[in-house]
Amino acid sequence: MKSHQRPLQAAVMGVLVLGMAGPAFAQNPCAPKANNPCAASNRIDPKLITRPKGTKLLAGNRAELVTEGEKLWNDAKLGNSGLSCNTCHQGGAAFQASFAKPYPHTVGMARDKAGKKTVQLDEMIQACMVMPMAAKPLGWDSRELAALTAYTAAVQKNFKSAKASANPCAAKNPCAAKANPCAAKNPCAAKK
């Protein structure tokens with residue numbers, strides 16, 4: 001290719017790349033210019049996510065509730081934003097370390113967006129429904145809220161146990177000082 005053609009090729013490629021990436025950026029609800037449901041200005045009325053006094057979650061078979069909760073966790077139609085619980089928490093991700101603590105505890109999103117110092121697990125689910133998922137809160141006595149709470153509690157339990165075992169720097173680290181196969185006989189080490 002002649003050198004005078006390279007700038008034209010670069011410009012065409014740039015347009016193609018931006019054209020293909022455009023829809024992806026436009027669909028990202030957390031993009032800086034998008035209507036970000038988690039943005040700082042999106043404050044909510046704390047009453048929307050505060051469990052009314054005397055409310056008890058619907059009781060039921062725990063295994064069935066967990067199974068139903070997992071389906072709801074992955075359902076982007078549960079809210080109005082096109083997001084599901086799994087969108088933000090895929091594989092148990094995007095939880096703060098405090099998620100391992102028993103509820104009630106402080107959760108940054110509920111504190112920052114609704115002014116709640118602490119929340120119960122079902123209240124945090126309601127916060128996610130109202131904020132990122134852009135929906136009305138679930139009924140406090142609904143099977144959906146009971147199921148999501150049961151499933152999220154199961155995720156939390158696994159989060160606690162997975163946290164310690166997933167540490168690559170734990171005692172059985174193959175790169176630890178004594179067991180490091182590259183320590184003494186490193187072929188790339190500087191020669192003395």
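Two residues are in contact when they have heavy atoms within 4.5 Å of each other. In this predicted model, residues 24 or more positions apart account for 61% of the contacts with a separation of 6 or more. The protein has six helices and zero strands, and its pattern along the sequence reads α-α-α-α-α-α. Of its 192 residues, 30% count as buried.

**Nonpolar core**

- The largest nonpolar core holds 36 residues, and the members that touch the most others are Ile49, Leu78, Met124 and Leu148.
- Helices α2 (62–73), α4, α5 and α6 each supply at least two residues of this core.
- Helix α6 gives the largest share of the core, with eight residues.
- In soluble globular proteins, nonpolar side chains tend to be buried together.

- Helix α5 is largely enclosed by the rest of the structure, because ten of its ten residues are buried.
- The buried residues of α5 include Asp122 and Glu123 as well as Leu121, Ile125 and Met129.
- Met124, also buried in α5, is in contact with Val107, Met109, Ala110 and Val119, leaving aside its neighbours within four places in sequence.
- Thr149 lies in helix α6 and is buried, with a relative accessible area of 11%.
- Apart from neighbours within four places in sequence, Thr149 is in contact with Leu57, Leu121, Asp122 and Ile125; Leu121, Asp122 and Ile125 are among the buried residues of α5.

**Largest pocket**

- The largest pocket contains about 520 Å³ of space.
- It is lined by 27 residues, of which His89, Phe95, Met109, Met124 and Cys128 are the closest to its centre.
- Two or more lining residues come from each of α3 (85–89), α4 (108–114), α5 (121–130) and α6 (143–165).
- Helix α5 provides the largest share of this lining, five residues.
- The lining comprises 19 nonpolar and eight polar residues, with no charged residues.

**Second largest pocket**

- About 180 Å³ of space lies in the second largest pocket.
- Ten residues line this pocket, and those closest to its centre are Gly91, Gly92, Val155, Asn158 and Phe159.
- Helix α6 contributes six residues to the lining, the largest share.
- By class, the lining of the second largest pocket has six nonpolar, four polar and no charged residues.

**Cysteines**

- A disulfide is a covalent bond between the sulfur atoms of two cysteines.
- The count of disulfides in this model is zero, where the cut-off for a pair of cysteine sulfur atoms is within 2.5 Å.
- The cysteine sulfur closest to that of Cys85 belongs to Cys128, and because the two are 6.6 Å apart, they are too far from each other for a bond.
- Cys85 is buried, with a relative accessible area of 12%.

Methods:
Residues are numbered from 1 along each chain as its sequence is written. This is a predicted model: local features need pLDDT of at least 70, side-chain atom pairs count only at pLDDT 80 or more; totals for chains, interfaces and linings use all residues. Side-chain values use heavy atoms; hydrogens and water are left out. Buried means under 20% relative accessible area, exposed over 50%, partly exposed in between (1.4 Å probe, protein chains only). On a 1 Å grid over the protein atoms alone, a cavity is a set of points where a 1.4 Å probe fits but cannot get out, and a pocket is an open set with protein on both sides within 12 Å along at least five of seven lines; lining residues have an atom within 4 Å of a point. Grid points are joined across faces, edges and corners, and a volume is the space filled by probe spheres set on the points. Helices (H or I, at least four residues) and strands (E, at least two) are DSSP runs, numbered from the N terminus. Ala, Val, Leu, Ile, Met, Phe, Trp, Tyr, Cys and Pro count as nonpolar, Asp, Glu, Lys and Arg as charged, and the others, Gly among them, as polar. A nonpolar core is a set of buried Ala, Val, Leu, Ile, Met, Phe, Trp, Tyr and Cys residues joined through side-chain atoms within 4.5 Å.
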